Amino acid sequence: MSKTNMNNSVSVGIAVQADWDNRHFSNSLSLNVRRLFEFLLQFETATKSKLATLNEKLTVLERQLEYLEAQFSTANSGQY
Amino acid sequence: MSVPVGEAVSALSTFTLEDDQPDIQGLAVTLLNGWVATESPIDYDDVQAYQLSLLDDTKSITQLNNLIKEGRDMVAILYTYRSCVKALPQLPESMKQSQTDLYRETYQVLDLEIGRLREIKRWQNTASSKLAADMQRFSRPDRRINGPTVTHMWCMLKLLDVLLQLDHLKNAKASIPNDFSWYKRTFTQVSTEWADSDSMREELDDLQIFLSTRWIILLNLQVELFRVNNVEDILQVLMLFCLESLESDRVLLYSERHVLLRVLPVVVILATSSVKEGDQVFKRIKINRLIRIFRRDPVVPAFPDLHIAPASMLKELSPYFRRFAAQMNQLQLMKLAKEADDITTTQVKEDMYMVIVEGFQLLSEWTGRVWEQCAWKFSRPSKDAQPYDNNTPLTDYEKVVRCNYSIVERKALLELTSYIKGVGTMMEKVDTIVAETIWETVHAQVQDFVQNKLAVMLRTTFKKKKDISRILTNMRTISADWMGNASNEPAAGNKKVKEDTTPVAFRPRPAAPTAAQLHCLQFLIHELVSGGAPKKAGGFFGSSDTDIPSADMKLLENFFNRLAFFPHILDYRATLIHVSDLGFLWFREFYLETSKVIQFPIECSLPWMLADHIIESQDAGLLESVLMPFDVYNDSAEHALRVLKQRFLYDEIEAEVDLCFDQLVYKLSEHMFSYYKSCAASKILDLAFISAVENRDKYNIFPRRYESLFKMRHFKLLGRSIDLSFLLAQRMNKILRENLEFLLERFESQDICHVVELQRLVDILKATHELLSEHLTLDSFTLILSEVMENISLVSFSGRLASQIFQEVQNDLLPNFILCNTTQRFVRSIKSCQRPIRRPAIPHVKSSFMCGSHDLNTAHSAISELYSKFFGLPHMFAILKLLGSRSIPWLVRALLDHLSQKLTSLEGRIDELRGVLPKVISIPAPTLGVTGCLKIYKDQLHWATEYEHKVEVLQNLKEIGSLIFWMSLLDTAMRETETVHFMQVVPWLGVVPGSEAQMQQLLDDDGHSPLVSLFKSASAAVAADPETVNPQSFVTMSKQAEVADILYVNNLQTGSTLDYTLAYLSAILDTVRGKWNSPSKTGLIEITTSREFHRIYSGIQFVFCGEQLDENETNQEQFGDAVAWGGCTVAYLLGQHLRFELLDFSYHVLTVGESEVNPGAHSIPDKISKTYNISAELVRFLESARKARRLNSHVFTMLRARFPHEDKLAALVKQSGTVVHRIKYPSTPSAFDTLPAKGNV
């Protein structure tokens, strides 16, 4: 009885040890995947804010163009 | 060879990802990205690997967990249940025959819903019986299985909680029995067609009993529990467990604490179902412990808007607790945890871990408190709330939410929300950074315990006790990580380890223990301290009858408590999201049902109330949290979608968020605008004034931090990314235009004197625009200005404001104002409105459209008020500034056209007068005395004094004179502006005073002005530098400098508007010159028979000096000094001013009068009246004539200075005796040559 118990506990001990090693590996893997993911998200936010700035600049340009167009078309209306 | 993953990933951090958006939003991550599994799967599959004969226990844990999951779905269904009956259509009279069809359809619809209820009923039955069976297994004296483990107890408690929630919901939702009774009615109608409906009817009756009996689920459970065997043992264990956990703060998550609080009374009730047993129980458990807990948390939140008062539940269910239920104090729960923790990466990882645990604890505590506060508020509706709208009474929801939060409470709630969200965001950001540290720390703690502490215990205390040492060894076996420390590993079969007292040193390892490991450890410790007999426990660690020394007991307890935290900390992200979830603030299903409305307005919605409070309260400290309430919406939407799984709730939230966000942007931009407006207005106020004024603080604007809001470029809301900055800029553009429009409308509804005010306000607006442009990308002010002024087109020169000013001058200033030559001002003539002007009504004044705040409005309007009653030089400057060089020429031209019209209309009248002019007007001899002279003139000047249109002629002359004076004012203003401009420009152009006071341009060696040569040399130097990236732009710059040079040089010498006006008038007069300028044939002056203009004007001036034309006011008051300006200018331009001065009638009378008395005397009329006792009329005449003469000579002097035409025109008597009257010198350019061809001259 005690013998089997002992054997059991030894085998459990060995299995636990192997499990620790495996878990160490899988944990670091998952952490790195998460870091990659995080990077992508940060990249996305950075891109978003840059795009927003760009968008704003374009809008301003567009409005200025419209303004110039209005100025020009009235001055030139005879020719169209 | 595999890629070194760690290196590759850490290389990513070398990228710089700029994002200057401040962190003033919450996490907002879940819904947006769906990148987080908010519930990490925890399974205990590997428990059996540890061979602790926990198989049965694990199985029932899984079973219970499944039941809990199912039960939560049921709870969600019940909570979000909305009455179907309300939506059912009523049949109109005409369609009564299809009533049966309607019943059938209704039945089908309702059947679906009622089917769910049936399922709930079935489920609660099975759940109760399973729970009861589970409990009974542990209650038998001969306990066959190991357990219950701690996890198992939690499962039981949670299942109990779910059952309780279900029961409570069923009680609270009135719409369920309603729908059911409707269903039953349709069933009776429909079932007549069916053959076998008896069994269904029976089942329906059962269901009805189920639905209508209060607390039936718990009663059922009680019956189930006590059916076979008594289960007091396990119930007592559970009760103890609850109490201990509540008292020891072993619980990390607020939700678990709430579970305990909710379940505790149930357990108490179940355990004390009879009086006898109750007494037994309370022998072992002091009732005071219960009372203390219930008193601390009188109200426990059950659902977002539904609370459970444990006391009242006990009151309802148990005969025991009437006493203390009545004694419940009203306790204010909200205690603000002010201190915010911050996560700094400390080098000591233990500290780091502790900081994170503390963070979680704080977050959990805060969120829990918000929950409790909400529950408290729900349980105490505001009693003395006033309805917002007098017509509609307050709904219950309004009473508990809208009126129930005082301003202080709103602020506190906001601050708490910001704390929770802020700390949450911070912790979320460091997730992947701290993950390793956490794993290492947990690993270290576990290993330290099992390898060091347990080793010591094994060697010392428990060496002799086989049972206990077996448990300890088991603990070591299942969780020790020897990691190469093979020497410490107990050799197989050899229990004698080395007597080594030094603690084992082990390397940290970023690998966390599994849930099963923790579970088993917990179980084993529990087993250890309770000695395997739960019944005996008077508390887990408190019992004294174990044979474990207290020091070891302490160690065990510490570790046991830590174990409870580990799963949550390891499941970092899920815990974080759970403890910072404030979505419950929005939910109101329960109140929707009782209030019988489809949805509440946003004013009743707590998140919006908070956001609105920030905006309206203008609390500078809160401004940056204005987006936090919107994160609550994120949480709510998340909850609706993922927990309650109800699409319609999400849709409702989305609709509300749409509305609220629009409101937010609208309100925010309005407030920002008025803030920056008042900043601008206070800057523009005179500094000397501010320093002299008494309470100057009211003109100071205290700074508000809108800056961070301006930077929000990707604000996350319901999964969308919103560019708040862009939206604000859009609104600002609109507001700026509206404001300018308003200012113009306001000016249009007032007279021209308000042009100073207009200019001031436009200046303020421009300064506001400048301030805002620092943060937002706005349209340029010129663009906005020209859009509103309606002169965008390149060829449009007039514009809205210019035409308005012209109209005002033409219609109001010229006819209705009189000129005062001394003050150089126009003032409104006394006789009110000679020509009424119809103006639009003054538009409604919005304080933000003026100067922003009330005090500043008052200050600025007081300044503007000074200029509002006259027109003078300040107004001219304002006009000049507003119109600019673009519209001023147009205005001048338009006014000159008006001048020529006036002259044309004058021409007809003058011709009429010429017609009635007598052939001879003799000059009375001075010997006749002043009275005689006057009388003779009066006799001869009947043609003028009796002329019916004399007022009109005077009016015309006045307008011409006013216009000329107006032009001279404009000239003065322009000269001044241009001189300033000139002084600024000349140093750059190299202009220096030369000989004979002429300007002389001093050029540099290369023949360029200083401006051009500066830029040329700069660009040459830059281009020579080889490192210059783009020399082309510098070359362009130097070319532009050349262009600027040419432009400025040409602008240096500008003409004078007054000179131009006079030349123009003179040119117009050329058409009438032949008529009005008829020199005598002889070349000598015709003294008595002249029919020239000056004679006629003399007549008019005689009238002006003589009788009073209006009975109410004097001629001076009616026409002012402008008549003299008009008449004299025309006479001067016709070259008749000398003859006028020589032959004027009034002058003659005046000269006679003067010669009669002492020539040097000051007041001739007085002397005359004293000496000769002459009439008052004569006195008045002499007085007026004297004034007129003085004024006339002033005008002539002015004109001679500005328009010296002696050079141009002169009469020449040739040697032969013939007279050449007008000689044009070729050197003087004719006015005609320079005039544009337009106009009917």
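This briefing describes one helix packing and several salt bridges in chain B of a predicted model. Local features need pLDDT of at least 70, side-chain atom pairs count only at pLDDT 80 or more, and totals for chains, interfaces and linings use all residues. Residues are numbered from 1 along each chain as its sequence is written, chains are lettered from A and ligands numbered from 1 in the order in which they are written, and side-chain values use heavy atoms, with hydrogens and water left out.

**Helix packing**
- Helix 26 (residues 647-684) of chain B packs against helix 30 (residues 755-773) of chain B at an angle of about 120°, with the axes 8 Å apart; helices are DSSP runs of H or I with at least four residues.

**Salt bridges**
- Over all chains, the structure holds 48 salt bridges (a side-chain nitrogen of Lys or Arg within 4 Å of a carboxyl oxygen of Asp or Glu).
- Arg642(B) forms a salt bridge with Glu638(B), their closest N and O atoms being 3.2 Å apart.
- Arg642(B) is partly exposed, with a relative accessible area of 41%, whereas Glu638(B) is buried at 10% (buried is under 20%, exposed over 50%, partly exposed in between, with a 1.4 Å probe and protein chains only).
- Glu670(B) and Lys846(B) meet in a salt bridge of 3.7 Å, N to O.
- Glu670(B) lies in helix 26 of chain B and Lys846(B) in a loop, so the pair ties together parts 176 residues apart in sequence.

Key:
Axes fitted to C-alpha atoms, helices over the stretch in contact; angles between N-to-C directions. Helix = DSSP H or I, 4+ residues; strand = E, 2+ residues; numbered from the N terminus.
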